[in-house]
Structures are given as structure tokens and as C-alpha cells.
Amino acid sequence: MKTVKKDVKASIFCEEKEAEPPSMGHPDPVLLTMTRQENGLKNDFPVNIRSLEFRNRYFPETSLRDWNNWQWQIRNSYTSYEQIQQFLHLSEDEVKPSGNGNNLPIRITPYYASLLDPYDALQPLRRTVIPVLDELITSPEEKPDPLGEMNDSPVNHIVHRYPDRVLFLVTGFCSTYCRYCTRSHMVSKKDKCHAMKSEWDEAIGYIQQHPEVRDVVISGGDPLTLPESRLQYLLSRLRAISHVEIIRIGTKVPAVLPMRITPPLLRMIRQYHPVFMSIHFTHPDELTPEVCTACERIADAGIPMGSQTVLLRGINDDPVVFRKLMQGLLKIRVRPYYLYQCDPIPGSAHFRTHVEKGLDIIRSLRGFTSGYAIPHFVIDAPGGGGKIPLLPEYFQGRSDGRVVLTNYEGNTYYYPDPD
Ligand code: SF4
């Protein structure tokens, strides 16, 4: 049970607003030193100043060793409206989940909770995890399974949409629930959170019987919330299938529970290379010293990382914010991969931007920063059409045996390309 101090008014965060924001770059050596001294451990995990103060305030009996233990973080996650009131001054818009709209419960790790602004209900990270009135309203175009994944599911836990790859949904559990989750229809649901081994075996059997499947994406829910032994079971079974060339893990754990990225976990995963990781990031404020350390560990284990980001109104739909996130990810060796138009799940209208906003963001990056920092902007077509890439109009057409092109500054150029 959490130990919570009663006086939440004298916030550490208010005082912080006058000072420097929490360090959101590379790990701070002072904090690293502090952590090591308390734990007496070498190579231990950093704790950023904001999280450290949160722990001191709300979990004063908890050692840094426990704070940096991922299982402690999951056990002590905030899971109710009453609990989040202990550290947030909730606005009138912030409400209890009611079974309407996205039908997602609350779940936030103490680590991620420590990054939320207790007074500002519009703070980007806070908006992604705290339920609001708008999410209880379902618009006509919204569907619980907007991508029609269940129509492409030949056996439980498998979505087979593209010719040479499958999605393997191994759990419905996440350490932190995002209010805009595409899989809100399955995520957090009791019957999906603890899949039986026999259910996985059926899914693995399907992959074995389909030699065209060369790429398996393990996702959910969040596979990195599974105990190592279960994850190892999955990876070893998949690696034993000769036609499975690559395995990808889709996760938000490095952003919301970075202490899960332990050396034993990575030692286990690297036995099953080539393994890739697709990491869900939302905002540059997520790039704390803890996250930098987690990603550096993953990269050092030889696991290529790509980022996936959902375009969210008022959260990351600003070109400056978005560029900061993409450039920050590259610095920690995460290659920006996808920018998704937000899927129309129930209660998501307040998150969705116009598609032109995404195109503007891509236009603001192309030519102005490294190509490596530019993700593919895609719409996952409602009803099951798969990912469709969207590009600003650089190709203008043909004229007199030439291709007419517009560059990033809006200037016109011609490329000789006889008919
Ligand atoms: S981490 Fe992914 S699967 Fe889990 S709630 Fe967020 S978007 Fe959904």
C-alpha cells in the first residue's frame, strides 16, 4: 500500500516552475551518483530530480532500490480516481472512467505519475493518462475496434493482415493505460490480461503452419510487463520456427516504466536475435535520464529501436514540440519510425487532429532536420486497409519530359525524365 502524505498543497512542482524544468536530456551524473551511493550498487539506475522529490513526498518509506524495481512500480501503480486525487488537483473536466467511451480504467506507474504536473490539467503528459469528460462521448464514426483487427484474426491472439508478417497480441495488460489506445477493446480486459500458455501455443501453432510469416510483432497490451520466464518462453518458441526471420516487440515500457529495462532482461532477449523494439513515445517530456539510460541499454544490447507516436491534439501536434521529440529520440539511438493519425476509438474526438496537421508537421521536418529524424506519417485505414502513408505534395506531376518537384522551401525544380 502506498504511503501518502496528506498535505498535497505545498507542491514541489510549483516551486520547480520557477527553477529549471526537470532534466530531460542525458542522465545527470549528480543524480546517478546519488542513486549509487544510496543503493551501494554499481551501474544502478538514475532517478531524475522530479521523480526523486515525488518519491520523497509520497513514498517516503520506499528506498531508491525499490523505486527502481519495476515490479514495485507495477504493484504501487495508481489505479483509481481516488488515488490520483492524492497527488493531482483534478479539474472539473477530469472524471472517473464510467464504462462509456473508451472504457479504459486508470493505471499509471508512480514513475510516470511523478512527471505529471499536479496543477495543470492541460499538461501534455497528464492529458494522455487522466480520463476527461470528452472521452465519455462516442461520435458516430468511432468504433471499439476501428482497424477491424478482429476480422483479420484467424486464431485467438493473432492478427494476420499483411502477407509476410503477423501481430501476436500476447497480453492485454499495460503498466500505464493511454486514454487514446487503439486496442481499448482488449487492453485491460481481465480475460485478455493473463493469456494461458495453451492459448499462446495455438497462436504459435498458426505461425508454424504459415511459412510465409517471416516477421512476428509481439504486442498487446505491453509484452514487457510479462515476467522474464514467460517472455523467454515466447521468444524461444518463435525463434525455433525456421521461417521466422525477425521478431519485433511493441512496447511503451521504456517510456513509462524504464526501470524494467534491466541487464538480465536484455541478456535474455539478445539470445533470440534479430529482435527489434518499436517504442511508443508521445512527448519530449518523456525523455528523462531514466528513459535515456533504458534506451542506451537496449541499443547496447544490439536491439534496433524505432519509435511510434500518435498525433494528439494539444499534446504533440506542434511542429516545435514534435521536432524536439524526434531529435531527442535520435540522440538516444531510437530511430523515428511512425507518426500515426489517431485511430477513431470511442471517445477519441478530442484527441484527433485534422490530417493536414500531420502533413504540416512532416513538411516542417523535411529538409529542416536530419532525414533520420523524420517518421512515416500514416493512417491505419479504418476497417482493416492497413497503414497508408501520407506525404506532402513534393511530386507535382510531369511537364515536357520532366518531373515537376517542389522542395522543402516551396521552390519548384525539374528532373529530366523523358516519357
Ligand atoms: S501502452 Fe500501447 S497498448 Fe498500452 S494502453 Fe498505451 S497505447 Fe494501448
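## Basis of the model

This is a predicted model, in which local features need pLDDT of at least 70 and side-chain atom pairs count only at pLDDT 80 or more, whereas totals for chains, interfaces and linings use all residues. Residues are numbered from 1 along each chain as its sequence is written.

## Overall composition

The chain has 16 helices and twelve strands. Helices (H or I, at least four residues) and strands (E, at least two) are DSSP runs, numbered from the N terminus. Of the 419 residues, 41% count as buried. A residue is buried if 20 or more other C-beta atoms lie within 10 Å of its own, exposed if 12 or fewer, and partly exposed in between, with C-beta atoms placed from the backbone.

Among contacts between residues at least 6 apart in sequence, 77% join residues at least 24 apart. Two residues are in contact if their C-beta atoms, placed from the backbone, lie within 7 Å.

## The nine-stranded sheet

Nine strands form an open sheet in the order E1-E2-E3-E4-E5-E6-E7-E8-E9, and the pairing is mixed. Its edge strands are E1 (158-162) and E9 (386-389), each of which pairs on one side only. Two strands pair if DSSP finds at least two bridges between them. From one strand to the next, the twist averages 30 degrees.

E1 and strand E2 (residues 165-171) run antiparallel and are joined by three bridges. Val159 has Leu167 in E2 as its bridge partner. Helix H10 (residues 197-208) packs on this sheet and touches E1, E2 and strand E3 (215-220); its direction makes about 170 degrees with that of E2. Axes are lines fitted to C-alpha atoms, for helices over the stretch in contact, and angles run from 0 to 180 degrees between N-to-C directions.

## The three-stranded sheet

A further open sheet has the strand order E10-E11-E12, with antiparallel pairing. Strand E10 (395-399) and strand E12 (412-416) are its edges, each pairing on one side only. Five bridges connect strand E11 (residues 402-406) with E12. Leu405 stands opposite Tyr413 in E12.

## Surroundings of the ligand

The residues around the ligand are Cys174, Tyr177, Cys178, Cys181, Arg183, Val187, Gly220, Gly221, Asp222, Lys252 and His280. A residue is near a molecule or strand if its C-beta atom, placed from the backbone, lies within 6 Å of it. This shell has five nonpolar, three polar and three charged residues. Ala, Val, Leu, Ile, Met, Phe, Trp, Tyr, Cys and Pro count as nonpolar, Asp, Glu, Lys and Arg as charged, and the others, Gly among them, as polar.

Most residues other than glycine have a negative phi, and most peptide bonds are trans. The bond from Gly220 to Gly221 is cis, with omega near 20 degrees; Gly221 lies in the loop between E3 and helix H11 (228-239). Another cis peptide bond joins His273 and Pro274, with omega about 0 degrees. Pro274 is placed in the loop between helix H13 (263-269) and strand E5 (275-280).

Ser188, in the loop between E2 and helix H9 (190-193), has a positive phi near 80 degrees. Ser188 counts as buried because it has 20 C-beta neighbours inside 10 Å. Arg333 also has a positive phi, of about 70 degrees, and is found in the loop between helix H15 (319-331) and strand E7 (334-341). Arg333 has 15 C-beta neighbours inside 10 Å and therefore counts as partly exposed.
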